[in-house]
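Here are my notes on this structure, written as numbered points. Have the model open while you read, and look up each residue as it comes up.

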Amino acid sequence: MKVDHSRQKNFSSAAAPGGGRLVQYTAAGLSLLVFLALFFYARGGRSTYDRDGVGITYETARVLAVLADNTEADPSTENVLRGSQELELEILTGRYAGQTVRTANYLSAFYNVHAREGMKLAISVNTVEEGVYSVSIYNYSRDLWMWAFAALFGLTLCAVGGKQGLKALAGLAVTVFCVIFLLVPLLVQRGWPPVPTTLAVTAYTSFVSFVILGGVRVKTMAAALGSFGGVLLAGGLAWGACKIVHISGMNMDEAESLLLTAVDNGLKIRGLYICGILIATEGAVMDIAMSISSAMTEIHEVSPSLTAAQLFRSGMNVGRDAMGTMANTLVLAFAGTSLNMMIFIYAYDVSYIQLLNTDFVAIEVIRSLAGSIGIVLTVPVVAGVSAWLLARRK
């Protein structure tokens, strides 16, 4: 029997918009309500510092004049300027905005802010009592440049990707917002268990991002389920490896500072290392999941008579081509953040026993390998889910 695929496709296209839009709007509305409820719950009752009272605040100032410059290049530190400057500043923000002050600026090999007339600087203002304060140079004023680079990224994404680029930017904004303003307050302010909370937030952000990109469709749902499966597998592998080699959040460099923070709230530190792996893995896993799901959907549109097994094989072929480069991406990303430490290890000729039994090395190896294994295992998960859903739709 000959099937008129063009008629079938036209019927699907005509029938989908009303119901599809309703499902998409309903999903978006429910996800927004869930997010808002958790957002206000997480931030409720947060204690804040009194910025108008005694203490240190950080503001922006403009250099009106360099009254004295006693700096000179130091050949022993690659000609970095060292010495001191006498500066006249105009405070631009905060309670002392508009006031003019003089302060000394000391430059060293590691703390090196060389001021010039007209330059904006970030300053720390230490108020000891009402109207009595001192000013010191904190750093270069970088906030406007940071926003400029972010705007450049957004414009580039939209210019190259068009409508899909704009959707990708919206999905990225949702992800960043959820991590900073939802996940972090839930962990710090409310003391929720780190690993389950992070899994829930990553599942939510991946679902919302995929819906923004492609709506509520088989392609996006398969990619969302597959990416969550990959993240879950990466987290499980990391958890097992940590148990075997005795690595926990207490081994991290920031553990001591986090313990001081945890005194005032219910923050649980032990699971934060696994949480970092889950978040880092999510981006790479979403990429490969969408690639496989999209390719399998196109294959199904061209040949709707293919069985689930045939679709699965096609998805595995696509995934095998992509997973090698994606695994390299994650490993190299972690290696890039650890480059300075690798140079240090090489320069001091650290022995084999010391190297492989150092907390830092174990942490980085588990982080990179668990994420890479999660990416690899995402391929059969996405291929299987997509094949099953597409075959049922036929």
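1. What percentage of the 394 residues in the protein chain do buried residues make up? They make up 34%, where buried means under 20% relative accessible area, exposed means over 50%, and partly exposed is in between (1.4 Å probe, protein chains only). Before you go on, note that this is a predicted model, in which local features need pLDDT of at least 70, side-chain atom pairs count only at pLDDT 80 or more, and totals for chains, interfaces and linings use all residues. Residues are numbered from 1 along each chain as its sequence is written, and side-chain values use heavy atoms, with hydrogens and water left out.

2. Now the parts list. The protein chain has ten helices and six strands; these are DSSP runs numbered from the N terminus, with helices being H or I of at least four residues and strands being E of at least two. Take the contacts between residues at least 6 apart in sequence: 69% of them join residues at least 24 apart. Contact here means heavy atoms within 4.5 Å.

3. On to the helix pairs. Two packed helices are described by the angle between their axes and the distance between the axes. Axes are lines fitted to C-alpha atoms, for helices over the stretch in contact, and angles run from 0 to 180 degrees between N-to-C directions. For the labels, angles under 35 degrees count as roughly parallel, over 145 as roughly antiparallel, 65 to 115 as roughly perpendicular and the rest as oblique.

4. Stay with that pair a moment. The crossing of α3 and α6 is right-handed; a crossing gets that name if the near helix is turned clockwise from the far one by less than a right angle, and is left-handed if anticlockwise. Among the residues that meet are Val195, Leu199 and Phe210 in α3, and Ile274, Leu278 and Met286 in α6. By class, this contact of α3 with α6 has eleven nonpolar, five polar and one charged residue. Here Ala, Val, Leu, Ile, Met, Phe, Trp, Tyr, Cys and Pro count as nonpolar, Asp, Glu, Lys and Arg as charged, and the others, Gly among them, as polar.

5. Next, α2 and α3. Their axes come within 9 Å and cross at roughly 160 degrees. That makes α2 roughly antiparallel to α3. The crossing is right-handed. Residues that meet include Ala168, Val174 and Leu187 in α2, and Val201, Tyr204 and Ile212 in α3. The contact of α2 with α3 divides into 13 nonpolar, seven polar and one charged residue.

6. How about α4 and α6? Their axes come within 7 Å and cross at roughly 145 degrees, and α4 passes α6 in a right-handed crossing. This contact has 16 nonpolar, nine polar and two charged residues.

7. Which residues touch the most other members of the largest nonpolar core? Of its 50 residues, they are Ile247, Tyr273, Met296 and Ile366. A nonpolar core is a set of buried Ala, Val, Leu, Ile, Met, Phe, Trp, Tyr and Cys residues joined through side-chain atoms within 4.5 Å. Elements giving two or more residues to this core include α1 (5-43), α7 (308-337) and α10 (359-393). Helix α6 gives the most, with 13 residues.

8. Zoom in on Tyr273. Leaving aside neighbours within four places in sequence, Tyr273 is in contact with residues including Ile247, Met252, Ile366 and Arg367. Arg367 lies in helix α10 and is buried, with a relative accessible area of 18%. Not counting residues up to four places away in sequence, Arg367 touches Tyr273, Ile277 and Phe334.

9. Gly191 lies in the loop between α2 and α3 and is buried, at 8% relative accessible area. Glu78 lies in the loop between β2 (72-74) and β3 (80-91) and is exposed, at 76%. Most residues other than glycine have a negative phi. Phi of Glu78, though, is near 60 degrees, a positive value.
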